[in-house]
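Hi,

Here is the structure I promised to pass on.

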Amino acid sequence: MATARTSYLRTGLIHLALISYTLIALFPVFLTLVNSFKTRNAIFREPMAIPTPSTFSLVGYETVLKQGDFIGYFQNSLIVTVVSIALVLLFGAMAAFALSEYRFRGNLLMGLYLALGIMIPIRLGTVAILQGMVAAGLVNTLTALVLVYTAQGLPLAIFILSEFMRTVSDDLKNAGRIDGLSEYAIFFRLVLPLVRPAMATVAVFTMIPIWNDLWFPLILVPGEATKTVTLGAQMFIGQFVTNWNAVLSALSLAILPVLVLYVIFSRQLIRGITSGAVK
Amino acid sequence: MGSLQLTSIRKAFGDHEVLKGIDLDVKDGEFVIFVGPSGCGKSTLLRVIAGLEDASSGSIRIDGKEVATVPPAKRGIAMVFQSYALYPHLTVKDNMGLGLKQAGTPKAEIEERVTKASSMLSLEPYLARRPAELSGGQRQRVAIGRAIVREPSLFLFDEPLSNLDAALRVQTRLEIARLHRRLKATMIYVTHDQVEAMTLADKIVVLSAGKVEQIGSPMELYNRPANTFVAGFIGSPQMNFIPAERLGEGGIKTIGIRPEHIALSREAGEWKGKVVHAEHLGADTILYLETETAGLITVRLFGEHRYGADDIVYATPDKALMHRFDANDQAVR
């Protein structure tokens with residue numbers, strides 16, 4: 001194309017900007033990974049250096065796997081994250097369907113009320129949540145975390161999903177009604193498959209803050225049996241001495257599961273765009 | 001079987017009244033078309049009949065039975081949508097059979113009805129495909145097939161041809177007309193296209209702003225429009241409306257004359273005028289004239305004519321085919 005040559009500079013600048021952003025975003029991850037494979041002295045002497053045969057060491061990983069029950073922490077984190085995502089998607093999609101599909105008094109107010117949580121951080125309610133959990137006897141159970149994270153994820157999920165559900169053709173839902181499908185069948189079999197890309201987006205947005213959260217595990221489930229990965233990694237950070245090898249190794253390991261979940265959802269993101277029902 | 005009675009149907013969304021008391025009687029086997037400009041309530045009326053919307057008041061009876069509280073699936077209706085509304089995850093065959101499956105029809109019978117409908121619409125080669133693998137025309141045929149297999153008392157069509165291109169639209173229109181003759185079923189069809197209405201309907205219901213303007217056969221509406229709205233809506237190009245006082249007629253407000261009911265001559269005639277613009281369509285020639293007596297009028301001549309812009313011509317309306325309307329825009333006979 002004739003215009004392609006003139007836009008080389010433009011394309012180059014765009015790429016430069018994107019590459020530098022990628023580098024900035026990946027740098028902490030890179031630093032964590034690299035240093036997790038070095039000896040303690042090497043970490044402090046040359047934090048930027050790639051591990052060499054003389055500085056290479058797996059002592060961090062050994063410490064992590066020996067001290068404490070890290071497999072258990074991983075399990076806890078995974079259970080909490082997966083269950084919370086599932087509940088957020090299920091309830092979020094149901095609420096979004098009701099808000100976008102049915103005309104009822106107070107629809108708009110209800111929508112605003114449900115979206116309020118996007119603007120007000122859930123941590124403001126920590127004291128009340130803790131009191132509630134104590135009263136319900138849920139302290140030091142994973143249920144406590146699942147409940148809190150579901151509440152935390154719902155507002156954004158409802159907001160995004162109800163916008164997407166408005167785009168699903170009314171004709172398709174009406175065709176289902178005429179064919180005798182129940183409202184549940186219409187929701188699960190016609191609408192949900194069509195908003196799958198949006199569900200994947202919501203899943204990714206919900207997953208990352210949950211996996212990385214330190215606040216609620218620290219307050220609600222500090223017990224050994226219910227510790228999450230982020231909380232588990234904290235035990236290597238002391239007031240006077242911090243075991244950096246172990247901290248960095250724990251964090252490096254913690255990246256893996258979340259990476260796997262992300263890959264699964266982002267595949268859905270692309271694959272979800274199937275249609276042909278409606279012009 | 002398939003009659004429908006609507007009695008003073010009203011529908012309001014909040015304060016906005018969309019249907020303002022619709023009465024209609026559809027006999028078994030009739031092809032009835034609702035036509036009107038966008039926003040006139042025709043689609044809402046169809047949805048009320050289907051049970052997808054509740055009427056605010058009034059009664060709907062299908063085959064003599066009151067259906068106000070009956071869900072859409074049990075009303076004995078089938079509906080074809082403008083956007084086809086096929087289930088994307090099902091094959092053509094399953095799309096057509098889903099309604100029967102939900103109603104608990106035995107498998108063998110579903111199979112038989114789907115086979116029959118698909119041969120009627122020549123859809124056999126596509127039965128195993130999904131909607132995404134079909135063209136627009138094929139999708140609409142599947143949607144029609146889905147309606148046929150239900151063997152409903154009432155077929156409802158919601159602008160089924162609007163998404164098709166011109167050639168396919170004519171072809172599908174023909175197919176629907178043939179289908180109606182073959183099934184002898186009652187059909188209710190919504191469109192904003194008066195050509196579809198004129199060519200398909202036994203009976204046309206002209207709607208405007210939530211009210212029925214006139215009900216009648218296509219030729220009744222063409223020859224005896226009840227008011228200026230119907231007169232202007234049916235027929236293309238539009239009827240010429242001329243203030244009665246310009247033509248020296250007292251007691252009425254407007255005189256209407258269709259473009260095809262005006263004769264043209266270069267030598268002599270009633271209204272002298274200048275050609276503003278000429279459209280040569282081969283079969284028709286459409287001229288826009290600025291006349292001294294009647295103002296700007298449209299004239300439609302059949303065949304080819306050599307009139308061009310700025311020609312001076314004389315137009316003569318056919319007095320017997322003039323329509324007269326009073327101060328309330330109602331026809332005076």
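Bear in mind that this is a predicted model. I started with chain A, which splits into domain 1 (10-57) and domain 2 (69-271). The centres of those two domains, taken over C-alpha atoms, are 31 Å apart. Where they touch, domain 1 of chain A puts in 7 residues and domain 2 of chain A puts in 7 residues. On the domain 1 side, α2 (8-36) and α3 (40-45) of chain A are the elements giving two or more residues, and α2(A) gives the most, with 5 residues. By type, that side of domain 1 has 3 nonpolar, 3 polar and 1 charged.

Next, the contact between the chains: 18 residues come from chain A and 25 residues from chain B. On the chain B side, β6 (77-80) and α2 (92-102) each supply at least two residues.

Last, a helix pair within chain B. The axes of α3 (residues 107-120) and α4 (residues 136-149) of chain B come within 9 Å and cross at roughly 140°. Angles over 145 degrees would count as roughly antiparallel, so α3(B) and α4(B) are oblique to each other. Their crossing is right-handed. From α3(B), the residues involved are B:Arg113, B:Val114, B:Ala117, B:Ser118 and B:Met120, and they meet B:Gly145, B:Ile148 and B:Val149 of α4(B). That contact comprises 5 nonpolar, 2 polar and 1 charged residues.

Cheers

Technical notes:
Residues numbered from 1 in each chain as written. Chains lettered and ligands numbered in written order. Predicted model: local features only at pLDDT ≥ 70, side-chain atom pairs only at ≥ 80, totals over all residues. Contact = placed C-beta atoms within 7 Å. Helix = DSSP H or I, 4+ residues; strand = E, 2+ residues; numbered from the N terminus. Domains from an automatic or database assignment. Nonpolar A, V, L, I, M, F, W, Y, C, P; charged D, E, K, R; others polar. Axes fitted to C-alpha atoms, helices over the stretch in contact; angles between N-to-C directions. Parallel < 35°, antiparallel > 145°, perpendicular 65-115°, else oblique. Left-handed = near helix turned anticlockwise from the far one by under 90°.
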